Structures are given as structure tokens and as C-alpha cells.
Amino acid sequence: MSNARLVSRNFAASFITQLISWGLTFMVTLYLPSYAGARGMGSLAVAGAFVAIFGVLASLGTSSVLIKEIARDRTRAGELLCSALFIRIPLSLLLGVVAYIIACILDYSSEMRLYILVALLGMLFAAINDALGAVLQGMENLTRQGLGVLADKLLLSALIIVLIKLKQPLWTIAAVGIVTACVSITVNLYSLRSILPTLAKWPGLAQVRYLVTAGVAFIGISIFTTLYGQADPLILSALTNEQTVGWYAVAARLVGTTLFVPAAVNAALLPTLARLYTDNRAQFKTIAQQMLTVIMLVGMPVAVLLIVVPHRLLELLHYPSEFAGAIPVLRIGGVSAFLYYMTVIFGSVVIASDRQARMLVVFAKSCLVGIPLCFLLTHIGHRYFHNGALGAMLGDVLVELYLVFAFINVVKEYISIRSTLLTFVKLVVAAIPLALLLLFATSTRNLAGPLGVLWALIPGLVLYLAGCFWLRCFDPAFFRIYRTMLQRA
């Protein structure tokens, strides 16, 4: 199978997985905020952010190492997985104890400590499942990996909705992740049954030391990205109130539901790029540029929708009026989403080209500047606009913008800056009819309801794609390859 078709196959498997996962996650997003309320969403967000800061240490950056090394030599899959589990399981248990002690020292409420305890238990199973998923991704078997993800998401969404219907306390909803992670682990273990006999061997210290050493740059990247990414709810809780944290949490959750496309592309792209970097640099460059164009093409209408009609989206989801503070946050989040789409691809190219040391420097700078910036903008938003979440999301946009330009500089050898900027301008022009139709739908009396967005969205997307085709925003060769692969399938 050619590299282009392999990427297409993996992208198809990953995209379908992410699309179904998005639908299931959207169902939770539809029910949970209305049930939990702004304060409940804020509490869950703070507990999740607190645990995530410790959870990032549980893998010691070995996930990316597993993907790259196994993609280049699949015979090492068993020994690498064994070493990764040897590192992750005891470390997760130790981090869980430390995190809970710190939560007690910080004098969190008993309710918050319960949320944190449940999330810490989920952290252990997530660390195990992440290692299994990384092995499958490294073997470029995203179809099997998708089965584990779908089993997790399907059960998670179903159980959460059942618990909401039964009006169970929020801690039980948070605990659902433990059950679903166990199911996903079982599915992934079955997919990896051919290499399971090698797990009976005690991992060699040299192999464990290699994983830890190779993961140093990645754990640094993970620490900085997690510190910045999870700092917003914690900073908001310190400077504002639970309701404001809830506004940010809902906006972040809605923006997050749109990120299944870059997640699918990244999952399909990274192992293939890692292999091509050592085998065929010309194809490495071609595929990297093509996938960046595709992700920008998809990200533009998502950004337009969030920026132009966020109030209609909340109406469509039947969110109560207490979430009105999330509307301006969503507008800013639309810009952040588009920039994040781009940084995901840049990150894959940087990691695949073994430039994670430079990536670490970029993320370190973004964290060191981003956290103080979040404090400042949150304070300004809370004091002058009575919405600190505005400042927190604006800080995210500024940091993502910095990351885009920093990564372009790192990978300019493989991704054309001129071509990327030209594509962006073309996509903005192509998206103008979509934005105008959405504005028309929200201002016209007969279409002003939330369903008016859907009536405007379909013809708007048709005009957007027609504009992209007319302006030659993408290379038709990529889609011809993808169409041929689907016809053969």
C-alpha cells in the first residue's frame, strides 16, 4: 500500500472514530450543563484541571516515543509496551496519593475532594489505556484503536445520560470514566493479543531507562502544555467565582467538540510521518503540506459558526439563561479553535522530524508567558466586563497565535510559509458567503430561531466549498487518491 493511501486509510478510520465519538460526546454536552448548572460545571472543571496536572506526569512522555519507535520497528512493540506499563502503573499510584494529600492541604471542600478522588482513580486506568492506544497507533492500526475509543465513548455517553435521567449526584457521573476505561482497556488488549505473550517477561532496565530518557523532551512538552491548558479553570476559580468557571467550561467543552477532525488527522498522520522522515523526505514534505491545507479547510467554517452565531447554538442546545455569559467566550473560542487546528498538524510534523527539543522550548515560552497573561486578562475581564472567562479565552487565542508562528519557523523546511498564508487568505474569502448567510438567518424574523442556523448552514457550506474549489485552496490530487481508496474499499 502506498504511503498516501495508507494515510488515507488511517485517516478514514480515525475520522470515522472521531466523528462517532463527537456525536456521543455531543449528547453528553447536550444534557450535562443543563443538569449540573454553571456552578456544577465549574466544580467539575476545577477538579479535572487539578488532576490533569498530575496525570500528565504519569506517562513520563512515553506515548510519543512508543508511537515513533514502533512505527519504525514493529517487532519492538511488546517490549516497549511492557516497559511503558512498568513505568506508568506505580507512578500513577504514587501521583494519586500525592495529589490527594495536596488537595487536603489546600483545604478543598469535601465535595471537591470527592470529585478529585474519583478523577485520580480514572487517571490510573487512563495511563494504562493510553499506552495500549499508543502501541496500536504506532503499528498504524487505527481501525483497531478506534474500536477501543468507540467502546469507551459509547458506554460513557450512555451511562452519563442514564445517571442524569435518574438525577444522580455529580460524583457518580465523574466516576463513569473509570468503568468505561476498563472496557476500553479490554478491547485494546484483545486487539494486541498477538503481542501479549511478550508482556510476561520482566522489562530490562536498559529498555526502561531508554524510554524515560527518550521521553524527557515529550514530558517537558506535556508538562508545559498541561500547565497552561489546565491553568484557566484554576486561575478563574481563584480570581472569580464558580459561575464564571462554568461559563468558561461550557465554552471550552463546545469548542472541544469541534476538535475531532484535528484529532483524527493527528492520529493518522504521526506514525506515517515518523516513518517517512527516515524513508522518504519528499513524501514527508508533500503529505505534511497537504494535510495542513485540509485541516485549515475544515477549520474555517467551524470558526465562522462559533464566531457568528454562538447564541443560536446555546438556544439550539436548550441551555438555560444562566449560561449567557458563555456567548462572548464562544466567539473568541472560534478563533482559538482554528489556530488549534493548525498547531496540531505542526506538532505532528515537529515530533515526526525529531525536533521535539525545539518544540519543548516553544511550549516552555508559551507557558511562562501564557499563565501570567491569563491572570492579567482574567482580572481585566472580571473587573471591567464582569466576565473573567473572556480574558482567559483571549489569552488562549494569543498563545495559540504565538504557537502557530513559532512552529512555522521550526518546520519551514517542510511546510511553505507563503503557501500557508496564501491558503488562509483564500479560505477567509471563501468563508464570507457562509458568514453573511448566518448573519442573515439570525437577523431575519422568520429565521431568527435556533433552527434558522441549520437552514443557513447547509447552503453556506455549499458556497464555501464552491469558493474553495474556485480559488484552488487545495490540491485535487489528494482527494483523487482518497476517492480511489474509498472506491476500492
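**Cysteines, helices and rings**

Modeller: Start at cysteine 473. This is a predicted model, and in it Cys473 is buried, with a relative accessible area of 5%.

Biologist: Which cysteine sulfur is closest to the sulfur of cysteine 473?

Modeller: That of cysteine 468. The two sulfurs are 4.2 Å apart, too far for a bond. The cut-off for a disulfide is 2.5 Å.

Biologist: Switching topic. How many helices and strands does the chain have?

Modeller: There are 18 helices and zero strands.

Biologist: What percentage of the chain's residues count as buried?

Modeller: Of the 489 residues, 54%. The accessible surface of the chain is about 21,200 Å². Carbon and sulfur atoms account for 69% of that surface.

Biologist: And contacts? What share join residues at least 24 apart?

Modeller: 86%, taken among contacts between residues at least 6 apart in sequence.

Biologist: On to the rings. How many aromatic pairs does the structure hold?

Modeller: Eight. One to look at is phenylalanine 338 with phenylalanine 424. Their ring centres are 5.8 Å apart and the planes sit at 45°, so this pair is tilted.

Biologist: Which helices do phenylalanine 338 and phenylalanine 424 lie in?

Modeller: Phe338 lies in H13, residues 326-352, and Phe424 in H16, residues 417-443. The pair therefore ties together parts that are 86 residues apart in sequence.

Biologist: Is phenylalanine 338 buried or exposed? And what does phenylalanine 424 count as?

Modeller: Phe338 counts as buried, because its relative accessibility is 6%. Phe424 is at 35%, so it counts as partly exposed. The buried label needs a value under 20%.

Biologist: Which residues form the aromatic cluster?

Modeller: Phe50, Phe54 and Tyr108 form one cluster.

Biologist: Last one. What lies over the face of tyrosine 277?

Modeller: Arginine 281 does, at 3.7 Å from the ring centre.

Conventions:
Residues numbered from 1 in each chain as written. Predicted model: local features only at pLDDT ≥ 70, side-chain atom pairs only at ≥ 80, totals over all residues. Heavy atoms only, no water. Phe/Tyr/Trp six-rings, centres within 6.5 Å; stacked < 30°, edge-to-face > 60°. Helix = DSSP H or I, 4+ residues; strand = E, 2+ residues; numbered from the N terminus. Buried < 20%, exposed > 50% of the residue type's maximum accessible area, 1.4 Å probe, protein only. Lys NZ or Arg CZ within 6 Å of the ring centre and 35° of its normal. Contact = heavy atoms within 4.5 Å. Areas by Shrake-Rupley, 256 points an atom, 1.4 Å probe, with all protein chains shown as cover.
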